[in-house]
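Colleague: Could you walk me through reading salt bridges in a model like this one?

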Amino acid sequence: KFGFALFVPNDEGVACVPSAEALDLVKKVEEVLLDLTAADACRWWSLDNYIYPTFGLWAVADGVSKQMNGDDESISPETLQWLLPVLDSSRVIMQSAPATNIGIIGVMGLGSAVPLAELPIPFTCMLRIGT
């Protein structure tokens, strides 16, 4: 699918584990989601009761592709869907898009296990929203 296997045999050869390449791509997806969420959070005056937003798979795929700058492969929404079995659902959620979002095949966002403190919010933004 993307030039690497999603799962590989473990060292003992008795079980499958996520491949190093898949885990690297998952890390990039999480970094993009953190950046997108931080940009969204910066628009609010307070983060009290802030709910993590979801983003279209195209936006996330584009962010990951840009982060891979120079690699031959670009990431598609289908590649993100392919990664679903490797994603930690407490850190990254993926859902079908609401029926009202014409043209969006799915959405991704941060899961409930990601603390607000992990967001890379710029200092000037933190001053404004009072975190």
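Colleague: What does Arg-91 form with Glu-30?

Modeller: A salt bridge means a side-chain nitrogen of Lys or Arg within 4 Å of a carboxyl oxygen of Asp or Glu. Here Arg-91 pairs with Glu-30 in one, with 2.9 Å between the closest N and O atoms. Arg-91 sits in the loop between α3 (77–82) and β4 (92–95) and Glu-30 in helix α1, so the pair ties together parts that are 61 residues apart in sequence. Helices (H or I, at least four residues) and strands (E, at least two) are DSSP runs, numbered from the N terminus. This is a predicted model, where local features need pLDDT of at least 70 and side-chain atom pairs count only at pLDDT 80 or more, while totals for chains, interfaces and linings use all residues. Residues are numbered from 1 along each chain as its sequence is written, and side-chain values use heavy atoms, leaving out hydrogens and water.

Colleague: Is Arg-91 buried or exposed?

Modeller: Buried means under 20% relative accessible area, exposed over 50%, and partly exposed in between (1.4 Å probe, protein chains only). Both Arg-91 and Glu-30 are buried.

Colleague: Which side chain meets Glu-118 in a salt bridge?

Modeller: That's Arg-91 again, at 2.5 Å from N to O. Shared partners put Glu-30, Arg-91 and Glu-118 into one network of salt bridges. Glu-118 is partly exposed, at 32% relative accessible area.

Colleague: How many salt bridges does the rule give?

Modeller: Five. Among them is Asp-24 with Lys-28, the closest N and O atoms being 3.1 Å apart. These two are four residues apart in helix α1 (residues 20–41), so about one helical turn separates them. Asp-24 is partly exposed at 39% relative accessibility, whereas Lys-28 is buried at 17%.
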